[in-house]
Protein chains: 2
Amino acid sequence: MNFTMEEAIEVLERTPQTLEYFLSGLSPGWLQCNEGEGTWTATEVIEHLIEGEKHNWMPRLEFILQEGDGKPFPPFDRYSHLHEPKSASWEQTLREFKTIRSHNIAKLKALVDPERHLELTGSHPAFGSVKLRELVSTWVVHDLTHMAQIVRVMAERYRADVGPWKEYLGILKK
Amino acid sequence: MNFTMEEAIEVLERTPQTLEYFLSGLSPGWLQCNEGEGTWTATEVIEHLIEGEKHNWMPRLEFILQEGDGKPFPPFDRYSHLHEPKSASWEQTLREFKTIRSHNIAKLKALVDPERHLELTGSHPAFGSVKLRELVSTWVVHDLTHMAQIVRVMAERYRADVGPWKEYLGILKK
């Protein structure tokens with residue numbers, strides 16, 4: 001096991017600011033491109049990350065602390081952000097992610113005692129028994145997977161533009 | 001073609017600061033992990049990006065402007081950063097990338113007139129004829145591929161820690 005709460009938080013607290021720095025002020029061409037029908041733009045990825053802050057990570061963690069594994073987690077719609085009307089500007093959306101993440105990290109630190117709670121279990125509707133430390137590890141890797149997705153989507157936009165160099169660029173191998 | 005010089009520069013100028021924000025102050029566990037024998041750590045990726053600033057992108061671009069495609073580009077060792085002794089601290093290394101990139105972007109803006117130079121060609125030792133705009137597009141996608149690599153390497157560290165959620169995390173599919 002490599003997980004420690006401290007190192008997990010190091011990543012969780014960097015993600016929103018990192019993405020804000022990278023994505024703020026970019027041209028619409030970068031923000032609105034995707035990898036084809038049914039795939040997400042960078043904008044949609046950030047909206048999905050915000051949904052996770054609201055309905056997935058901390059709610060499930062609190063559910064473990066309060067209910068244990070007697071009842072399965074309430075379901076979470078991974079596509080809900082695609083159905084909701086948008087009113088916020090892009091800069092507001094990036095800021096919202098930063099605010100809600102920072103609020104959730106404060107809550108995580110207040111609620112979880114790494115000495116006592118990491119092995120607590122909850123019941124995942126698909127996987128069955130899962131540990132609190134697996135949930136927090138997944139929160140971290142979920143950040144990383146969506147950061148990878150954002151840069152992959154942007155790279156896709158230049159697939160033809162790089163000409164023969166395509167061969168050397170791992171991100172375009174698929 | 002999606003390439004424009006302006007949008008390419010938007011990415012090029014964000015990469016170093018984005019990576020500095022994300023990687024500065026991280027625990028050694030995150031910075032020194034890799035994907036196994038012969039693969040790179042986040043630290044080695046940044047050193048490779050610095051090498052590219054010194055010996056690849058702008059030198060080749062200047063070579064195109066000065067020599068055209070009469071002579072092939074001087075060779076560039078993609079692994080040179082692995083052989084050099086390191087003396088700089090991690091924060092110094094991140095700062096070095098930022099400084100040299102910003103210097104190179106200033107040079108790029110000064111040397112290249114997008115109205116006149118984008119279709120100029122050079123001779124790549126492996127690919128033959130390449131265009132100046134393909135070189136700059138590749139510079140951008142090269143940034144993106146190495147950002148994807150850094151987060152993938154970090155995710156790998158938690159492969160076992162996420163437990164059954166592995167199944168939902170694209171970044172761990174390989």
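The structure holds zero disulfides over all chains. A disulfide here is a pair of cysteine sulfur atoms within 2.5 Å. A:Cys33 is buried, at 13% relative accessibility. B:Cys33 is buried as well, with a relative accessible area of 13%. Buried means under 20% relative accessible area, exposed means over 50%, and partly exposed lies in between (1.4 Å probe, protein chains only).

This is a predicted model: local features need pLDDT of at least 70, side-chain atom pairs count only at pLDDT 80 or more, and totals for chains, interfaces and linings use all residues. Residues are numbered from 1 along each chain as its sequence is written, chains are lettered from A and ligands numbered from 1 in the order in which they are written, and side-chain values use heavy atoms, with hydrogens and water left out.

## How the two chains are related

Two copies of a chain are related by a rotation about an axis and a shift along it. Here, a rotation of 180° with 0.0 Å of shift along its axis puts chain B on chain A, with an RMSD of 0.0 Å. That is the relation of a two-fold axis. In chain B, the C-alpha nearest the axis belongs to B:Ala148, 2.3 Å from it. The superposition is by least squares on the C-alpha atoms of residues with pLDDT of at least 70 in both copies.

## The interface

In all, 55 residues of chain B are in contact with 55 residues of chain A. Contact means heavy atoms within 4.5 Å. The copies meet through the same surface, because 100% of the interface residues of chain B are also interface residues in chain A.

Chain B and chain A bury about 5,000 Å² between them, 66% of it on carbon and sulfur atoms. Buried area is the accessible area (1.4 Å probe) that two parts lose on being put together, summed over both. Two salt bridges are found across this interface. The side chains of B:Arg157 and A:Glu7 meet in a salt bridge, at 2.7 Å from N to O.

## Helix α3 of chain A

Helix α3 of chain A runs over residues 42-55. Its 14 residues reach 20 Å from first C-alpha to last, close to the 20 Å expected at 1.5 Å a residue. The expected span is 1.5 Å times one less than the number of residues. Helices (H or I, at least four residues) and strands (E, at least two) are DSSP runs, numbered from the N terminus.

Is α3(A) mostly covered or mostly open? It is mostly covered: ten of its 14 residues are buried. Among them are A:Val45, A:His48 and A:Leu49. The buried residues pack against α1, α2, α4, α5 and α6 of chain A.

## Salt bridges within the chains

Over all chains, the structure holds 26 salt bridges. Each is a side-chain nitrogen of Lys or Arg within 4 Å of a carboxyl oxygen of Asp or Glu. A:Lys54 and A:Glu96 form one, at 3.4 Å from N to O. A:Lys54 is partly exposed at 36%, and A:Glu96 is partly exposed at 31%.

In chain B, the side chains of B:Arg101 and B:Glu53 meet at 2.7 Å, N to O. B:Arg101 lies in α5 and B:Glu53 in α3, so the pair ties together parts 48 residues apart in sequence. B:Arg101 is buried at 1% relative accessibility, and B:Glu53 is buried at 2%. In chain A, salt bridges link A:Glu53, A:Arg101 and A:Asp143 in a network.
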